[in-house]
There are 2 protein chains.
Amino acid sequence: MQKHVSDSTVRRLSHYLRALESLELEGPFTVSSEELAQRGGTTAAQVRKDLSHFGSFGKRGLGYGVPKLAAKLRGILRLDRRWRVALVGAGRIGSALFAYPDFELRGFDVVAVLDSDPAKVGACWGAVKVTPADRLEEIVRALRIELMILAIPAEAVQEVADRAVGAGVRGILNFAPRQVRVPSGVHLKHVNLVMELEALSFAIGQDGSKA
Amino acid sequence: MQKHVSDSTVRRLSHYLRALESLELEGPFTVSSEELAQRGGTTAAQVRKDLSHFGSFGKRGLGYGVPKLAAKLRGILRLDRRWRVALVGAGRIGSALFAYPDFELRGFDVVAVLDSDPAKVGACWGAVKVTPADRLEEIVRALRIELMILAIPAEAVQEVADRAVGAGVRGILNFAPRQVRVPSGVHLKHVNLVMELEALSFAIGQDGSKA
């Protein structure tokens with residue numbers, strides 16, 4: 001029944017869920033598509049279309065029940081479970097990511113940190129000890145790691161991704177400024193911080209050429 | 001002549017430029033759309049389509065001249081100039097961003113760091129001194145800031161964005177896990193690290209439902 005769902009739809013579902021969760025605390029306990037749209041930065045028609053991919057929710061004129069729709073979205077996004085995550089790269093970006101409070105709140109448990117630098121190995125990050133990167137396969141299997149965050153230099157990223165995939169990782173979030181190839185069946189997201197600035201640079205440049 | 005160019009096209013242009021820059025160092029000095037496609041993780045037809053938005057490049061059978069196409073892409077992405085950037089938020093994410101070497105390489109100069117925490121104000125980050133956030137408007141005007149990176153808590157982000165826009169900032173890169181509204185004419189990109197993990201979680205969940 002479910003068709004292909006675009007990345008931008010998934011992103012909006014995340015926003016709707018955040019809006020619903022703040023309503024769960026504050027009330028009211030029903031919400032209109034207009035209000036969800038406003039909080040998610042989109043239109044009511046888009047909200048209805050996004051949700052229609054996953055079945056029928058809400059009653060015409062009554063809106064959506066907040067706890068029910070929140071639970072449904074958690075299920076769709078598979079946030080009704082916890083994910084076991086390894087972080088490779090204990091540098092600045094890695095340590096900022098490790099400290100990011102929303103990961104744990106959202107069900108992403110960073111249970112391993114790996115680094116190839118002997119000076120970093122052995123350090124305790126909370127309850128997690130930094131492990132040598134050459135033990136990657138062993139760690140993935142022993143800790144049943146499903147998702148891996150790569151915060152390592154561009155040169156290393158394809159090799160580490162290949163090893164992670166070989167050991168059974170199903171999703172990779174890559175922060176290195178290089179494209180990575182993964183086989184089909186493995187999911188990949190790429191966060192390239194410079195490209196985000198480049199996209200702003202491009203957009204501002206477009207204003208100039210229109211003026 | 002130029003039509004609307006999607007975010008994903010802009011992102012691919014960034015990838016092509018990276019590929020061209022490594023070819024500028026290593027040679028050869030012409031490249032086919034097939035090779036650019038391979039390095040950019042897409043198809044040759046997509047490369048040709050992306051570039052066709054901006055005019056006609058390359059000769060059939062001869063490929064693209066590497067230095068010429070690189071210069072053209074730098075011009076399109078407005079990377080043929082430098083951008084003056086302020087970072088608001090001197091916490092972990094802020095410090096990781098500040099240390100990110102590619103920003104400067106790519107023409108983004110972080111010339112100011114602001115924070116509202118008196119314990120952080122006054123610290124020297126390289127040649128930049130952390131300034132009180134209540135001086136934001138003054139700093140934006142005095143240093144002719146064009147882009148602002150927000151690495152601050154979600155509660156503060158709309159107010160700081162409003163002040164930045166009021167002072168003349170034209171592009172905002174938001175790392176806080178909350179949607180921000182900006183007036184038309186101001187460009188906004190949102191990096192939400194948890195949402196990237198949620199998108200992986202969703203994608204893996206989809207595999208399960210197909211299986």
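Below are my entries, starting with the ground rules.

**Ground rules.** I am working with a predicted model, where local features need pLDDT of at least 70, side-chain atom pairs count only at pLDDT 80 or more, and totals for chains, interfaces and linings use all residues. Residues are numbered from 1 along each chain as its sequence is written, while chains are lettered from A and ligands numbered from 1 in the order in which they are written.

**Chain A, overall.** I counted up the elements of chain A and got nine helices and nine strands. Here helices (H or I, at least four residues) and strands (E, at least two) are DSSP runs, numbered from the N terminus. Along the principal axes, the C-alpha atoms of chain A fill a box of roughly 60 × 50 × 35 Å. Chain A has 211 residues, and 44% of them count as buried. My note on the word: a residue is buried if 20 or more other C-beta atoms lie within 10 Å of its own, exposed if 12 or fewer, and partly exposed in between, with C-beta atoms placed from the backbone.

I also looked at contacts (C-beta atoms, placed from the backbone, within 7 Å). Taking those in chain A between residues at least 6 apart in sequence, 57% join residues at least 24 apart.

**Domains.** Chain A splits into domain 1 (7-75) and domain 2 (83-195); such bounds come from an automatic or database domain assignment. How far apart do the C-alpha centres of the two domains of chain A lie? I have 32 Å for that.

**Helix H3 of chain A.** Which residues of H3(A) (residues 44-52) are buried? I found Val47(A), Asp50(A) and Leu51(A). They sit on the same side of H3(A) because they cover an arc of only 90 degrees around the axis; the arc is that of the directions from the helix axis to the C-beta atoms. The buried residues of H3(A) pack against helix H1 (7-26) and helix H2 (33-40) of chain A. On the face turned away from the buried side I noted the exposed residues Ala45(A) and Ser52(A).

**The sheet in chain A.** I traced an open sheet of seven strands with mixed pairing, in the order S5-S6-S4-S3-S7-S8-S9. Two strands pair if DSSP finds at least two bridges between them.

Asp115(A) stands opposite Pro132(A) in S6(A). Helix H8 (residues 154-167) of chain A lies across S3 (83-88), S7 (147-150) and S8 (171-174) of chain A, at about 170 degrees to S7(A). For such angles, axes are lines fitted to C-alpha atoms, for helices over the stretch in contact, and the angles run from 0 to 180 degrees between N-to-C directions.

**The sheet in chain B.** Chain B has an open sheet of seven strands too, with the order S5-S6-S4-S3-S7-S8-S9 and mixed pairing. Its edge strands are S5 (124-125) and S9, each pairing on one side only.

S3 (residues 83-88) of chain B runs parallel to S4(B), with six bridges joining them. S6 (residues 128-132) of chain B also pairs with S4(B) in the parallel sense, over three bridges. Val113(B) in S4(B) stands opposite Leu87(B) and opposite Val130(B) in S6(B).

Most residues other than glycine have a negative phi. Arg78(A), in the loop between H4 (66-76) and S3 of chain A, has a positive phi, near 60 degrees. Arg144(B) has a positive phi as well, near 50 degrees. I located Arg144(B) in the loop between H7 (136-142) and S7 (147-150) of chain B.

**Where the chains meet.** The contact takes 47 residues from chain A and 48 residues from chain B. On the chain B side, H9(B) gives the most, with 15 residues.

Key: Contact = placed C-beta atoms within 7 Å.
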